[in-house]
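These are my notes from a first look through this structure. I went from the strands to the cores, and then to one residue in a loop.

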Amino acid sequence: MSAGLHAPWPVLLGLWLLLCVSSGAQGGKVLVVPLDGSSWLSMRQAVQALHARGHQAVVLVPDVSMHLKGEEFFTMKHYEVSYTQDEFDRFFQKYFHATFERQPLPMKFLKGVEKTKQSSLIYLKTCRDLVFNKDLIRYLNSSSFDVVLTDPLWPCGALLAKYLSIPAVFFLRSIPFELDSEGTQSPIPSSYIPRTLTALTDHMTFLERVKNMLFPLAMNYVCHVCFSPFASLASDLLQREVSLREIFGYGSIWLFRGDFVMDYPRPIMPNMFFIGGINCLNRKPLSQVCIGCFIQALAR
Ligand SMILES: *[C@@H]1O[C@H](CO)[C@@H](O)[C@H](O)[C@H]1NC(C)=O
């Protein structure tokens, strides 16, 4: 309360600097490479906020998509893809159907790997159609974007940013196979940080720690199956050997739509930020929930 009285000069100087910066600042140009699906629903809000602050956003949209629709707060740039809306819809229907099938665990794991492989193939096609589209790349290269905003879950936007030498901001909920730790080079000690999908907590017995250490070996195989076609696409594009770590390491800033309230704490790097609250901006009132009925239904 008394800060303004005791230290008027630093405060005034601060305000003056702020005015100088904000009056001189101009809107930036943001290239948005969204990931179709729920990720876009969050990113859309971020793009809207950027627009409200005077920045200009161009969103790259494949001709065939699920949720990517035009809005007044960004410019859409379409690109052709080598599959039809019908093929795309049929693929995702099958995918979602298989997700809810009841099966023993080993079958579920194998099917899961197969499904992930299939879905990465469709993303791979989209990415190939994007980065080898000469006209589009020429337009993007000449448009002098300041930054690429993208969800690195499927790292095509990251690859494009690297190809065009534009800094990238990653915007994500989470990423499998601890690729974020790899990309940012944050330590991930097996004794303390439970790996995704192990259902372990940050308090582990000795045997659980061993499991936590061995689990990534199996996951490395799945990771290889999912991402090795992408790594070869990246190598084709950049015309040299490119590793996944290099692509994920290209992010200048990582914005995680999470929080340590929901996730176990882990070491982070100074370019990693947690913005989990932004999904709560558009909250709607809860409908009447009967907690008693809910608990009874669970117990049944
Ligand atoms: C972008 O344009 C610059 C300057 O004309 C050129 O040197 C560079 O190779 C282009 N990059 C791509 C990816 O086309």
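I began with Pro-62 and found that its bridge partner in E3 is Tyr-79. The model I am reading is a predicted one. Pro-62 lies in strand E2, which covers residues 56–62. I looked up how E2 and strand E3 (residues 75–79) pair, and the answer is parallel, over five bridges.

Next I turned to the pairing of E2 with strand E1 (residues 29–33). Four bridges join the two strands, and they run parallel. One pair I noted is Lys-29 with its bridge partner in E2, Gln-56. I then followed the chain from E1 through helix H3 (residues 38–52) to E2, and these three make a right-handed β-α-β unit.

E1 also pairs with strand E4 (residues 147–150), in the parallel sense and over four bridges. Here I picked out Leu-31, whose bridge partner in E4 is Val-148.

I then asked in what order the strands of the open sheet stand. I read it as E3-E2-E1-E4-E5-E6-E7, seven strands with parallel pairing.

My next entry is on the cores. The largest nonpolar core has 55 residues, and Leu-31 and Phe-230 are among those with the most contacts inside it. Helix H9 (residues 206–238) gives the largest share of this core, 11 residues. I listed some contacts of Phe-230 beyond four places in sequence, including Leu-124, Trp-154, Leu-159 and Ile-247. There is also a second, separate core of 17 residues, which includes Val-32, Met-43, Phe-73 and Val-169.

Last, I looked up Ile-166, in the loop between helix H7 (156–164) and strand E5 (168–172). Is Ile-166 buried or exposed? I found 5% relative accessibility, so Ile-166 counts as buried, the cut-off being under 20%. Among the residues Ile-166 touches, I noted Phe-145, Val-148, Ala-161 and Tyr-250. Ile-166 and Val-148 are 18 residues apart in sequence, with 6.5 Å from C-alpha to C-alpha.

Definitions and conventions. Residues numbered from 1 in each chain as written. Predicted model: local features only at pLDDT ≥ 70, side-chain atom pairs only at ≥ 80, totals over all residues. Heavy atoms only, no water. Buried < 20%, exposed > 50% of the residue type's maximum accessible area, 1.4 Å probe, protein only. Contact = heavy atoms within 4.5 Å. Pairing = 2+ DSSP bridges. Right-handed = clockwise from strand over helix to strand, strands pointing away. Core = buried A, V, L, I, M, F, W, Y, C linked by side-chain atoms within 4.5 Å.
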